[in-house]
2 protein chains.
Amino acid sequence: MSRASTLPVALVQMRCGEDPDANVAKALSMAREAAAGGAKLVCLPELFRSRYFCQSEDSAHFALAEPVPGPTTEAFAALAAEFDVTLVVSLFERRAPGLFHNTAAVLDGRRGYAGKYRKMHIPDDPRYYEKYYFTPGDLGFRSFDTGAGPVGVLVCWDQWYPEAARLTALQGAEVLVYPTAIGWHVEEKDALGEAQHDAWELAQRAHAVANGCYVIAINRTGFEPDPTGKGGIEFWGQSFVAAPDGRVLVRGPAAEEAILRLDLDRAAIETARVGWPFLRDRRIDAYEGITRRFGTD
Amino acid sequence: MSRASTLPVALVQMRCGEDPDANVAKALSMAREAAAGGAKLVCLPELFRSRYFCQSEDSAHFALAEPVPGPTTEAFAALAAEFDVTLVVSLFERRAPGLFHNTAAVLDGRRGYAGKYRKMHIPDDPRYYEKYYFTPGDLGFRSFDTGAGPVGVLVCWDQWYPEAARLTALQGAEVLVYPTAIGWHVEEKDALGEAQHDAWELAQRAHAVANGCYVIAINRTGFEPDPTGKGGIEFWGQSFVAAPDGRVLVRGPAAEEAILRLDLDRAAIETARVGWPFLRDRRIDAYEGITRRFGTD
């Protein structure tokens, strides 16, 4: 494990077009640029290989899926090995005929494929019809021991669940990485857009505070039309890194592609956790109700 | 239960002096003013009956404790009955010789004493030596069905624990109330003050988002010297109410007493929870690790 005092990270915020091969080529190119620039952990946005196909329920989209590990992880594994860089790569996983997951693979430098996380919390809202495509993950919450240190991987909708962040941090993760595809319904952006984005950012900053760790959220950008009608999603970009005290250290632009680079100070984790020792005082004798749905039913 | 479409609430942010009787008299007077103004839920700050005595470990301070219910709840119960208002009253509870809790009582209008919550998470940091004074709560996390609707009560350090907010909300609480006594060490305010306050506020706003509920934090204000030496705590006031989407609806001043009044729109709870249906998708089959301390030890 690398225990250098700083961890150089990079977030690849990108626009995703119609052609999967072109998207992968762009992601590889941007990740290469980040790795060549010295990043030891490079994070890609959710399902970057394609448009965000969950805007509609269409069985043709299952053809986009692939095994994990599979062709795309192999392409990124080569890059990971070349620069000895850790990559978090979000993919549409085909596990068996009719069985698919929203998965993130970890490619750990010269050590290669380190494992995968299958998105545990699956949303289903207008234009985010993920329950049609993805079976909820069955690998639990995971921290990966990588050349970049212990990295926890979660995906998008997981962002809203403090349980997910906590369980991943309790496994040792010092950085929580959230590949994401979230945006505004163009019809409601004016009324709700700012409040929605604020809530999204603060929920994740709070995970950093509660767990004394870094949080990295990587979002796509650009407008993708709704294939079933008018409107669509304007992905809001604004990928960011939150420090263990909750401050936003870097935030990407809303409407443009960007590679965000930052050196994470590992000592800030210890400083935060010793300064406000939340982990010391958890009432693990009194949390069993977390596994209940609601009330006393 | 009142199911009016709005819930008028008031937060009593106050300075606490040397004389407990004077502090109680002031708290009663401010709460009366709030109730007379129409508030149906009035919240007082943590341990308002005295200076924040936990700045030092001194057995003489145990004399400040009283039974709950007891003399102070009786005084507030009279006020609660007069205006049929729900009050959240934080007290230093004497349970038995040598056994004390940091407790918040709920006085429910004409129905009187509704019960108490004993602070579950007890801090212990320089000038916050609470582990010396308070046994951790043994009543679990609680929502109270009151004339003001279902009200969850937590106390200060609990603010940092998403588990506490979640478990209280899962019992039906639509408003989480956090009596608080938090401030800056005057020696570190310049360097850390803003980041500390930001983290405190965002952690609680995130509870509102994650649970689709209101959060009310009531802090004391004013400087209280460290009885054992130089310096002391400058309580940072800034009591606030967060909406179910995480927005801060009202925020008190830092250095002055204030009664903050606000009408909470109950419909915003349903709107938030239906718009972003986090409760629907919780992975209760996968959260059992929350009851473990850390790692796999």
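How much space lies in the second largest cavity? The second largest cavity holds about 70 Å³. A cavity is a set of points on a 1 Å grid over the protein atoms alone where a 1.4 Å probe fits but cannot get out. Its volume is the space filled by probe spheres set on the points, which are joined across faces, edges and corners. Lining residues have an atom within 4 Å of a point.

The model is predicted: local features need pLDDT of at least 70, side-chain atom pairs count only at pLDDT 80 or more, and totals for chains, interfaces and linings use all residues. Residues are numbered from 1 along each chain, chains are lettered from A, and side-chain values use heavy atoms, without hydrogens and water.

The lining of the second largest cavity includes A:Leu47, A:Phe48, A:Arg49 and A:Glu66. By class, this lining has six nonpolar, two polar and two charged residues. Ala, Val, Leu, Ile, Met, Phe, Trp, Tyr, Cys and Pro count as nonpolar, Asp, Glu, Lys and Arg as charged, and the others, Gly among them, as polar.

Four cavities of 30 Å³ or more occur in the structure.

Zero disulfides (cysteine sulfur pairs within 2.5 Å) are found over all chains. For A:Cys156, the nearest cysteine sulfur, that of A:Cys54, is 9.7 Å away.

Methods:
On a 1 Å grid over the protein atoms alone, a cavity is a set of points where a 1.4 Å probe fits but cannot get out, and a pocket is an open set with protein on both sides within 12 Å along at least five of seven lines; lining residues have an atom within 4 Å of a point.
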